[in-house]
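Hi,

Here's the structure I promised to pass on to you. Have a look at it first, then read my notes below.

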Amino acid sequence: MEHEQDWSLIKKAQTGDHGAFTQLFQRHYSFLYKYLLKLTLDDEVSADLAQDTMLKCYTNLSSFKGEGKFSTWMISISTRLYMDLLRKQKREKTWLNQLKRTLSRQLSWQARAKGMEWSDVFTDFNQLEDNIRVPILLHHYYGYSYHEIGQMMGIPSGTVKSRVHTGLTRLRKE
Amino acid sequence: MKQNEEQVHMKKLQQDWKQLDELAENPSVSTIEMKQQLEVYQEKQKQRFYKELIIFFLTAVCMLSFFVISFVQAPLLFIIVEICAIIIGPIVFYVLVKRKKKEGKVLL
């Protein structure tokens, strides 16, 4: 049902209907933003990346064939954008590698206000390389298969499997 | 033993990710804001298109002039350039197709 509604909006949006596109994107915005938040741990960066994803989706909507879910397509675009952003940041500031990745100040404040606490595994997980974090998150939280993740990241499914395995082994040792 | 430990870790992680979802609550973006962003983006794309078109025409005119001059003034140079193009052309084409295929995978 949801897929059908999406598909009808996509068809309208492909003919240049801005209203249909905004409606389509709004339906999936929360899902996208929450995914990006888990990667970036920063609300502002997540919102910026979500906006970039929207524009990329808009540009490439004609190439969406509807073989998979729209949300999966959107997530794959946002993952690529996130990886590009990291590469850019690394080029600009090499010291960024040495920084610990933690929740943004705003999120930390909100979490404290709500009395939330984070496990040690969460801290360790966020120190892993991004090409390891992304497949673990996609597989173990969103339930995507290795094959789907491979397609999203443009790598073979075997590589995805080994990255997930490496990541989990490192979490166990830390 | 190892698997048990992994499962415990995953459960903790999933709990933390759920907490992050709760922190985000119900994020939304306004329709007006989105439409404005799309309009600005379209305008930028249009400007970019015209810029590229001008560059394309200028490059084409330069190349054409070069080929005509070399054909009339130095035929040997013309033949050398043509041979190089025959060799390099397919390589560039192969690289571009390969890159396009890689990008295509992301767009499912």
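Let's start with a cysteine: B:Cys62 is exposed, with a relative accessible area of 52%. Keep in mind throughout that this is a predicted model. Over in chain A, A:Cys57 is buried, at a relative accessible area of 0%.

Next, the helical stretches of chain B. An unreviewed UniProt entry annotates residues 53–72 and 78–97 of chain B as "transmembrane region". In the model, residues 53–72 of chain B are 100% helix and 0% strand, and the C-alpha atoms at the two ends lie 28 Å apart. Residues 78–97 of chain B are also 100% helix and 0% strand, with 28 Å between the end C-alpha atoms.

Now for how the chains meet. The size of an interface is often given as the accessible area lost when the parts come together. Here, about 4200 Å² is buried between chain A and chain B, and carbon and sulfur atoms give 68% of that. Chain A puts 49 residues into the contact and chain B puts in 35. There are three salt bridges across this interface. If you'd like to find a salt bridge on screen, go to B:Asp21 and A:Lys38, whose side chains meet at 2.7 Å, N to O.

What about the inside? The largest nonpolar core has 65 residues, and those with the most contacts inside it are A:Phe21, A:Tyr35, A:Ile136 and A:Leu138. Helix α2 of chain A (residues 18–40) gives the most to this core, with eleven residues.

Most residues other than glycine have a negative phi. A:Leu41 has a positive phi, near 60 degrees, and sits in the loop between α2 and α3 of chain A. Is A:Leu41 buried or exposed? At 1% relative accessibility, A:Leu41 counts as buried, because the cut-off for that is under 20%. B:Glu25 also has a positive phi, about 50 degrees, and lies in the loop between α1 and α2 of chain B.

Key:
Residues numbered from 1 in each chain as written. Chains lettered and ligands numbered in written order. Predicted model: local features only at pLDDT ≥ 70, side-chain atom pairs only at ≥ 80, totals over all residues. Heavy atoms only, no water. Core = buried A, V, L, I, M, F, W, Y, C linked by side-chain atoms within 4.5 Å. Buried < 20%, exposed > 50% of the residue type's maximum accessible area, 1.4 Å probe, protein only. Helix = DSSP H or I, 4+ residues; strand = E, 2+ residues; numbered from the N terminus. UniProt positions renumbered as here; feature names shortened; annotations may be inferred. Contact = heavy atoms within 4.5 Å. Buried area = accessible area lost by both parts, 1.4 Å probe. Salt bridge = Lys/Arg side-chain N within 4 Å of Asp/Glu carboxyl O.
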